[in-house]
Amino acid sequence: MIVAPDRTPLPRDFFDRPVLEVAPELLGRVLVRSTPDGPIELRLTEVEAYAGEADPGSHAYRGRTARNSVMFGPPGHAYVYFTYGMWHCLNVVCGPEGTAGGVLLRAGEIIEGAELARERRLSARNDKELAKGPARLATALDVDRDLDGADLCAGPDAPLTLLSGIPTPAEQVSNGPRTGVGGEGSVHPWRFWTANDPTVSPYRAHVPRRRRT
């Protein structure tokens with residue numbers, strides 16, 4: 001029997017928990033991006049947890065700044081950052097207000113609005129690559145810094161909403177080191193993904209940047 005995804009929006013208390021509890025439970029949920037051209041919906045297949053000031057890999061490790069202030073709450077909001085001078089990445093804020101925490105949405109399957117995603121991801125060789133990686137996901141969903149702080153629990157007219165979907169069963173969830181995280185933060189196996197899903201991005205270890213001479 002085919003089970004239809006649950007269209008109920010996730011409540012704020014879903015996100016108001018430790019980030020390592022929330023992260024694996026995001027797999028299988030449906031992210032809805034409302035745009036003037038129509039909705040784009042994505043089933044999440046890969047995420048990474050970042051535990052704020054307790055996590056050397058987190059943007060909030062050294063405390064609150066203008067850039068990362070959204071990470072300190074309230075939960076259920078979007079934290080969007082710009083990286084490498086060209087890409088945006090989308091995170092969901094988790095944990096109690098005042099304590100930084102976030103889950104990076106790394107990859108997913110576009111299940112509605114693929115034609116809109118294709119217009120933004122012209123280099124994708126097939127639909128499995130439309131949101132295969134955090135920058136690709138944000139590009140496919142037309143996410144940029146204008147959505148930093150957007151409330152994912154604001155209701156059906158919000159630009160971003162997370163629906164209950166069909167949660168990935170625990171036995172199908174894999175975890176391992178986070179992609180591209182170096183230093184002390186590299187030891188945490190806080191990347192979670194749906195096993196054997198073709199939309200999950202490949203793991204890449206951190207490569208230190210060479211200093212210019």
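**Close-up 1. Thr45 in strand 3 of the predicted model**. Thr45 belongs to strand 3, which spans residues 38-50, and it counts as buried because its relative accessibility is 0%. Apart from neighbours within four places in sequence, Thr45 is in contact with Leu27, with Ala107, Gly108 and Glu109, with Phe192, Trp193 and Thr194, and with Asp197, Thr199 and Val200.

**Close-up 2. Strand 9 and its pairing with strand 3 and strand 8**. Strand 3 and strand 9 run antiparallel and are joined by 3 bridges, with Val47 having Phe192 as its bridge partner in strand 9. Strand 8, residues 173-176, also pairs with strand 9 in the antiparallel sense, over 4 bridges, and here the bridge partner of Gly176 is Arg191. Within strand 9 (residues 191-194), Arg191 and Trp193 point one way while Phe192 and Thr194 point the other way, and all are buried.

**Close-up 3. The cis peptide bond between Gly73 and Pro74**. The bond leading from Gly73 to Pro74 is cis, its omega being near 5°, and Pro74 is found in the loop between strand 3 and strand 4, the latter comprising residues 78-83.

**Close-up 4. Positive phi at Tyr84 and at Asn196**. Tyr84, a residue other than glycine, has a positive phi near 55° and is placed in the loop between strand 4 and strand 5 (87-93); it counts as exposed because its relative accessibility is 59%. Asn196, which is not a glycine either, has a positive phi of about 65° and sits in the segment after strand 9; with 80% relative accessibility, Asn196 therefore counts as exposed.

Key
Residues numbered from 1 in each chain as written. Predicted model: local features only at pLDDT ≥ 70, side-chain atom pairs only at ≥ 80, totals over all residues. Heavy atoms only, no water. Helix = DSSP H or I, 4+ residues; strand = E, 2+ residues; numbered from the N terminus. Buried < 20%, exposed > 50% of the residue type's maximum accessible area, 1.4 Å probe, protein only. Contact = heavy atoms within 4.5 Å. Pairing = 2+ DSSP bridges.
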